Amino acid sequence: MFNWLRKVESLPWKDRTYLVIDMELTGLEPQEDAIISAGSVMIKQGRIILDSAEHHYFSPVSLMGVDVTQSAHIHLITDNQLEVHGKPLADWLARLSQDLMANAWVFHHAQLDSMFLKTFSERLQIALPSIEVIDTLANEKRLHPEAYLESQAQLNLGACRARYGLPAYRQHHALSDALATAELFLAQQSLAGSC
């Protein structure tokens, strides 16, 4: 997919450590839009490590754009929150580049998130690690090949979770979505192990 992504040596999934990441974006175009917040949580030995959970707002800079008005109704993040509570995106990306604790990163819709990470890490001259990326959206298509799972409504995080009987969470909050993705990943691994 991207030159900074690679498969790592195969280990049983429960012996691996995963960093589950969700990012809130102002749009779908990494050349025009911005990463405004991120949430993450670790999975170790098949368990979500809640005390590893993190949530960050990113302060606006010229290369990100400075107006979140168009996306505020979805993410409930205001310009004021970013200005008051925001930290530099470069600091978070630098931490990702140095965090070797995880064997893989997990996203729901990895292609979109990877494009943003690649674009902004290049702009900020931060080299991200070579690490396996797992996509719970792609997993869902693979685990349910008999189902017609093409529309956004059938593949969004909430719909995917519902197929496993997981509870509905508030969507479009980076930490809540990271936790929701972690739970979905564990449910998918359970299903894959029973197939």
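Modeller: Before we start, contact here means heavy atoms within 4.5 Å.

Colleague: Fine. What kind of model is this, and how are residues numbered?

Modeller: It's a predicted model, where local features need pLDDT of at least 70, side-chain atom pairs count only at pLDDT 80 or more, and totals for chains, interfaces and linings use all residues. Residues are numbered from 1 along each chain as its sequence is written, and side-chain values use heavy atoms, with hydrogens and water left out.

Colleague: Which residues in α3 and α4 meet?

Modeller: From α3, L89, W92, L93 and L96 meet L117, F120 and S121 of α4. Helices are DSSP runs of H or I with at least four residues, strands are runs of E with at least two, and both are numbered from the N terminus.

Colleague: And the classes in that contact?

Modeller: Six nonpolar, one polar and no charged residues. Nonpolar covers Ala, Val, Leu, Ile, Met, Phe, Trp, Tyr, Cys and Pro; charged is Asp, Glu, Lys and Arg; the others, Gly among them, are polar.

Colleague: At what angle do α3 and α4 pack?

Modeller: About 110 degrees, with the axes of α3 (89-98) and α4 (110-123) 10 Å apart. That makes α3 roughly perpendicular to α4, a label for 65 to 115 degrees. Axes are lines fitted to C-alpha atoms, for helices over the stretch in contact, and angles run from 0 to 180 degrees between N-to-C directions.

Colleague: Switching to the sheet: what's the strand order?

Modeller: β3-β2-β1-β4-β5, an open sheet of five strands with mixed pairing. Two strands pair if DSSP finds at least two bridges between them. The edge strands, β3 (47-57) and β5 (132-135), each pair on one side only.

Colleague: How many bridges join β1 to β4?

Modeller: Three, and β1 (17-25) runs parallel to β4 (104-107). L19 stands opposite W105 in β4.

Colleague: Which strands does α4 touch?

Modeller: α4 packs on the sheet against β1, β2 (35-44), β4 and β5, and its direction makes about 80 degrees with that of β1. Helix α5 (136-143) also packs on the sheet, touching β4 and β5.

Colleague: Last topic, how many cavities of 30 Å³ or more turn up?

Modeller: One, from a search of the whole structure. A cavity is a set of points, on a 1 Å grid over the protein atoms alone, where a 1.4 Å probe fits but cannot get out; lining residues have an atom within 4 Å of a point.

Colleague: Which element gives the most to the lining of the largest cavity?

Modeller: α7, with three residues. The lining includes L157, R161 and D177.

Notes
On a 1 Å grid over the protein atoms alone, a cavity is a set of points where a 1.4 Å probe fits but cannot get out, and a pocket is an open set with protein on both sides within 12 Å along at least five of seven lines; lining residues have an atom within 4 Å of a point. Grid points are joined across faces, edges and corners, and a volume is the space filled by probe spheres set on the points. Angles under 35 degrees count as roughly parallel, over 145 as roughly antiparallel, 65 to 115 as roughly perpendicular and the rest as oblique.
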